[in-house]
Amino acid sequence: MNNEENNRGGELAEILGSELIEGEDMFGGELMNVLRDSDMGKAIAKAVTPELLLRSTKKMMWSMVRYRELQMMYDCALKTIKTKFEVLDSEFEARYKRNPIKTISTRLKSTESIVDKLERYKKQVTLENMINYVNDFAGIRVVCSYIDDIYRIADSLLKQDDVTLITKKDYIKDPKGNGYRSLHLIVSIPVFFAARREEIKIEVQIRTIAMDFWASLEHQLKYKREAENQKQINEELSACAEIIAATDERMLALRRRIEEAEDMPTEEDILFERLRKSIL
């Protein structure tokens with residue numbers, strides 16, 4: 001994590017009104033530290049005064065309010081980037097009479113998953129750490145018809161001057177060990193609120209219908225695997241992923257063959273014809 005991103009996270013947390021104190025988390029860390037560092041009976045008898053309980057309760061409640069505000073900001077970022085993809089799809093349809101995007105879905109990461117991730121990173125559960133270390137707090141999944149649509153849509157998004165690429169992982173060219181394929185991007189986009197502009201990170205997944213079909217079933221099946229046949233199931237899932245990848249390639253080749261037929265103009269032909277008519 002570079003200094004610029006750390007500063008950005010700190011500024012966003014400050015704007016939300018965070019009173020982050022080192023050594024405390026957003027769920028009443030002061031009280032937990034007292035209980036952890038003292039004998040339980042003595043802590044209850046001496047340290048846990050009504051004033052301390054009230055202060056810790058207020059801090060926890062205010063942290064939850066700020067956390068809801070943070071969720072709102074990420075939700076607004078999802079609306080912004082979803083509109084960007086919808087505009088690209090509409091432009092593509094107007095130019096080539098074909099929509100590259102089949103579905104768009106968004107999600108905010110659950111609180112439990114965020115806490116689990118920060119614990120794996122050995123980070124305290126604070127707003128600042130959520131902003132700095134949880135890159136997939138907000139996620140958008142774009143499902144395309146063909147493999148070339150994935151890269152065309154991704155390139156078009158990244159060419160926009162208000163979209164900043166943070167990381168890129170191409171699991172299509174370099175699939176995961178289990179056969180998973182998808183293009184993953186972490187991008188930062190500006191979101192404009194009433195009195196300020198904020199740069200917010202979003203995870204973008206772009207995949208074909210076939211890749212999404214495999215990933216959805218694999219996600220369901222991984223919770224139903226039994227220990228004695230898990231290796232065999234993994235092998236079958238990997239084999240299915242290879243078959244689906246081959247099908248994607250064949251469908252793309254088939255589309256291109258159809259476009260090259262004499263009675264089916266290519267996307268470029270359609271564009272040039274539309275430009276010619278608009279000039280005349």
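Colleague: Are Tyr67 and Phe137 buried or exposed?

Modeller: Buried means under 20% relative accessible area, exposed over 50%, and partly exposed in between, with a 1.4 Å probe and protein chains only. Tyr67 is buried, and Phe137 is buried as well. Please note that this is a predicted model, in which local features need pLDDT of at least 70 and side-chain atom pairs count only at pLDDT 80 or more, while totals for chains, interfaces and linings use all residues. Residues are numbered from 1 along each chain as its sequence is written, and side-chain values use heavy atoms, with hydrogens and water left out.

Colleague: How many aromatic pairs are there?

Modeller: Rings of Phe, Tyr and Trp (its six-membered ring) pair if their centres lie within 6.5 Å; planes under 30 degrees apart count as stacked, over 60 as edge-to-face and the rest as tilted. By this rule there are three aromatic pairs. In one of them, the ring centres of Tyr67 and Phe137 are 6.4 Å apart and the planes stand at 55°, so the pair is tilted. This pair links distant parts of the chain, 70 residues apart: Tyr67 is in helix 4, and Phe137 is in the loop between helix 6 and strand 2. Helices (H or I, at least four residues) and strands (E, at least two) are DSSP runs, numbered from the N terminus. An edge-to-face pair is formed by Tyr171 and Tyr180, with 6.0 Å from centre to centre and 65° between the planes. Both Tyr171 and Tyr180 are buried.

Colleague: Which charged residue sits over the ring of Tyr171?

Modeller: A charge sits over a ring if NZ of Lys or CZ of Arg is within 6 Å of the ring centre and within 35 degrees of the ring normal. The charged end of Lys176 sits over the Tyr171 ring, 4.9 Å from its centre. Likewise, Arg196 lies over the face of Phe193, 5.4 Å from the ring centre.

Colleague: How many salt bridges does the count come to?

Modeller: Side chains of opposite charge can pair when their charged atoms come close. The rule asks for a side-chain nitrogen of Lys or Arg within 4 Å of a carboxyl oxygen of Asp or Glu, and the count comes to 14 salt bridges. Asp136 forms one with Lys109, their closest N and O atoms being 3.0 Å apart. Asp136 lies in the loop between helix 6 (127–133) and strand 2 (138–144) and Lys109 in the loop between strand 1 (101–108) and helix 5 (111–120), so this pair ties together parts 27 residues apart in sequence. Asp136 also meets Lys117 in a salt bridge, at 3.1 Å from N to O. Lys117 is in helix 5, 19 residues from Asp136. Asp136 is buried at 10% relative accessible area, and Lys117 is buried at 12%.

Colleague: Which residues touch the most other members of the largest nonpolar core?

Modeller: In soluble globular proteins, nonpolar side chains tend to be buried together. A nonpolar core is a set of buried Ala, Val, Leu, Ile, Met, Phe, Trp, Tyr and Cys residues joined through side-chain atoms within 4.5 Å. Here the largest core has 44 residues, of which Ile81, Phe85, Met130, Ile202, Val204 and Ile206 touch the most other members. Helix 4 supplies the largest share of this core, nine residues.
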